[in-house]
Amino acid sequence: MPDTLILVGGFGLPDRTASATRAIGLAKLFRSIGMKVVIMGKITPEVPPIDGPTEMEVDGIRCVDLRRPFPGRDYARYDLSGESVMALVDSLPAGSVRAVSAYNHAGQATWSILRGCKARGIPAILDCTEWYGWEGKKILRNIQRMAWTEFRLRILTRKAGNVIAASRWFSDTLPGLNRVLLPFVIDASDPKWSPEPPRLAMPDGRRRFLYSGSPGLGMIKDRLPVAIEGFGALEAEGIPFEFRIVGMTRGQYLADRPDHADLVARLGDSLKFLGRIPHADSLLELRATDYALFFRRDDRIANTGFATKYVEAASLGIPVVTNPTSDIDRYLTDGHNGFLAPDLSTPAIAEVLRCAATLGDADLLAMKSVCAAANPFDIPPWQAPARAFLDALRPVR
């Protein structure tokens, strides 16, 4: 039986992007059930030079550059064509490829990959975690991106017949297809994901909160301005805290939200902007906080995927302060291993932040102990669903 899976996507390898974290986790999952896995992503920010190297190894997994899988020649643009993917398929022993899985891939390139797989009699899988909405003011860009996304999610998923979903909500939009629910998978045996003994982040009794990521155009994605307004309410009540923001500078924030200049000034040293830092450093920041924090609107965009921020925090034993979108309430119980805001109003956000900021030392350490006790995203629970999914693969229509 064919024993090789090819995972395709714009993964910033080895760990430059959240998608790379997903790819490595899925590769380890499939490898744990007997599959060989090759990841096609971006091994460097720029296209590798014509004379290579075009490969790297990450945790024993072969990773090939999607833009130039082999040195010595150029390939069609990976976001428009499946040429480079089929070149890798054709380089492997005949009949050895079990399936090609494309992660949130551009619609035109995905269509090309499906045609190439069909011609070779190889099943195709679409790994879908994004359903774009309108962002920013670029009308043509928004129309094109949304149109191709609709085409990929509504038409190409049915043509492929096999879909990896990150949420129950999205899985339920695809009845009749071969589906598997895989929010994220983490290899908990990797020291990078080993929780430390529960401890308080700050010796003076203040609670430290951390936001890490890219808040998106207009900072709509993770509702960072609403969080800062919530902390403003805590500051007005004299409740001490520290809120650290990884991913942007103070100047970048104020350039987008000049109306928050007075609020940011009033928060003073309680609000710290750390700018962009390497992913490894952001995990160190996460280990050294009391709570990870993000808020998202309860809409199709949030409910299609699953927040990497939650997976990383849960894996490191850090409670999360957020609101219930996607499948988060499947893992987070309010007051037990984190806090859930009922809505995105400033009063609701301020109240949930107040609960977290005033939680006593013993109760916070107990909460961190609960979070560190078990990682719901570790590989073993997902092996049986993954195996059943591969056993039921359908041919491209």
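In what order do the 8 strands of the open sheet with mixed pairing run? In this predicted model, the order reads E3-E4-E2-E1-E5-E6-E7-E8. Strand E3 (55-58) and strand E8 (178-181) sit at the edges, each pairing on one side only. Going across the sheet, neighbouring strands are turned by 25 degrees against each other on average, with direction ignored.

Strand E6 (residues 124-128) and strand E7 (residues 162-165) run parallel and are joined by 3 bridges. Helix H4 (residues 139-160) lies across both E6 and E7, and its direction makes an angle of about 150 degrees with E6. Helix H2 (residues 83-91) lies across another set of strands, namely strand E1 (4-12), strand E2 (36-42), strand E4 (61-65) and strand E5 (97-103). Relative to E2, helix H2 runs at about 150 degrees.

There is a second open sheet, this one built from 6 strands with parallel pairing, in the order E11-E10-E9-E12-E13-E14. Strand E11 (271-275) and E14 each have a single partner strand, so one side of each has no neighbour in the sheet. The twist from one strand to the next averages 20 degrees. Within this sheet, E12 pairs with strand E13 (residues 320-322) in the parallel sense over 2 bridges, and Ala292 stands opposite Val320 of E13.

Next comes helix H13 (residues 361-373). Which residues of H13 are buried? They are Leu364, Met367, Lys368 and Cys371. These residues cover an arc of only 100 degrees around the axis, which puts them on the same side of H13. As for what the buried residues pack against, the partners are strand E9 (207-212), strand E12 (291-293), helix H11 (308-315) and strand E14 (338-340).

Aromatic rings are the last topic. How many aromatic pairs does the structure hold? The count is 16. One of them brings together Trp131 and Phe170, edge-to-face, at 6.1 Å centre to centre and with 90 degrees between the planes. This pair links distant parts of the chain, since Trp131 belongs to the loop between E6 and H4 while Phe170 is in helix H5 (residues 168-171), 39 residues apart. Both Trp131 and Phe170 are buried.

A further pair involves Tyr310 and Phe377, whose ring centres are 6.3 Å apart; with the planes at 80 degrees, the pair is therefore edge-to-face. Here too distant parts of the chain are linked: Tyr310 is in helix H11, and Phe377 is in the loop between H13 and helix H14 (380-391), 67 residues apart. Tyr310 is buried, as is Phe377. Ring pairs also link Phe209, Phe231, Phe241, Phe243, Tyr291 and Phe339 into a cluster.

Conventions. Residues numbered from 1 in each chain as written. Predicted model: local features only at pLDDT ≥ 70, side-chain atom pairs only at ≥ 80, totals over all residues. Heavy atoms only, no water. Pairing = 2+ DSSP bridges. Helix = DSSP H or I, 4+ residues; strand = E, 2+ residues; numbered from the N terminus. Axes fitted to C-alpha atoms, helices over the stretch in contact; angles between N-to-C directions. Contact = heavy atoms within 4.5 Å. Buried < 20%, exposed > 50% of the residue type's maximum accessible area, 1.4 Å probe, protein only. Arc of directions from axis to C-beta. Phe/Tyr/Trp six-rings, centres within 6.5 Å; stacked < 30°, edge-to-face > 60°.
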